[in-house]
Amino acid sequence: MRSGLYLLLLGASIIMHSASAGDNLVIPGHVATADTQMLPKRGISMEQVLAQFGEPDQRYGPVGEPPISEWVYGSFRVYFEREIVLHSIDMNTIILPKK
């Protein structure tokens, strides 16, 4: 009975070790960068974005209902619904489909 319990514990520890070791996900066409760029968080206001990141290079919109606006900051874009951040996208790490 003890040997069965030892084998069960040994098997469980091997499985847990391999699961916790972690693997690297490799995505074809994607280049990983060591630098992580801070982007505006979802839910903050336009005023907070201006205070943290300054004036954008370009502003587009608002368009549609609800009004959606886009601000361009160098390598990233910020999308707003009315005055609130919906999404921030880093254009250096985005994977676009091939044509």
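Buried here means under 20% relative accessible area, with exposed set at over 50% and partly exposed in between (1.4 Å probe, protein chains only). In a regular strand the side chains alternate between the two faces of the sheet. Strand β3 covers residues 76-81, and the numbering runs from 1 along each chain as its sequence is written. The model is predicted, so local features need pLDDT of at least 70, side-chain atom pairs count only at pLDDT 80 or more, and totals for chains, interfaces and linings use all residues; side-chain values use heavy atoms, with hydrogens and water left out.

Let us step back to the whole chain. The protein chain has 2 helices and 4 strands, and along the sequence they follow the pattern α-α-β-β-β-β. Helices (H or I, at least four residues) and strands (E, at least two) are DSSP runs, numbered from the N terminus. Of the 99 residues in the protein chain, 15% count as buried. The protein chain exposes about 8200 Å², and carbon and sulfur atoms supply 60% of that area; accessible areas come from the Shrake-Rupley method with a 1.4 Å probe, and for residues only the protein chains shown count as cover.

Now follow the strands in turn. Strand β1 (residues 58-63) pairs with β2 in the antiparallel sense over 4 bridges, where pairing requires that DSSP finds at least two bridges between two strands. Q58 has V72 as its bridge partner in β2. The hairpin of β1 and β2 has 4 residues between the strands, and G64 takes a positive phi near 80 degrees there. Strand β2 (residues 68-73) is largely enclosed by the rest of the structure, because 5 of its 6 residues are buried.

Strand β2 also pairs with β3, in the antiparallel sense and over 6 bridges. Along this pairing S69 stands opposite F80, and V72 has R77 as its bridge partner in β3. The hairpin of β2 and β3 has 2 residues between the strands, and G74 takes a positive phi near 50 degrees. On we go to strand β4 (residues 84-90), which pairs with β3 in the antiparallel sense over 6 bridges. Here Y79 stands opposite H87. The hairpin of β3 and β4 has 2 residues between the strands, and R82 in the turn has a positive phi of about 55 degrees.

In soluble globular proteins, nonpolar side chains tend to be buried together.

The structure holds 4 aromatic pairs. Rings of Phe, Tyr and Trp (its six-membered ring) pair if their centres lie within 6.5 Å; planes under 30 degrees apart count as stacked, over 60 as edge-to-face and the rest as tilted. One of these pairs is F53 with F76, edge-to-face at 5.6 Å centre to centre and 70 degrees between the planes. This pair links distant parts of the chain, with F53 in helix α2 (residues 46-53) and F76 in strand β3, 23 residues apart. F53 counts as partly exposed at 26% relative accessibility, whereas F76 is buried, with a relative accessible area of 7%. The pair of Y73 and F76 is stacked, because the ring centres are 5.2 Å apart and the planes lie at 10 degrees. F53, Y73 and F76 form one aromatic cluster.

Y73 is buried, with a relative accessible area of 7%. Not counting residues up to four places away in sequence, Y73 touches V49, L50, F53, G54, E55, P56, D57 and V78, where contact means heavy atoms within 4.5 Å.
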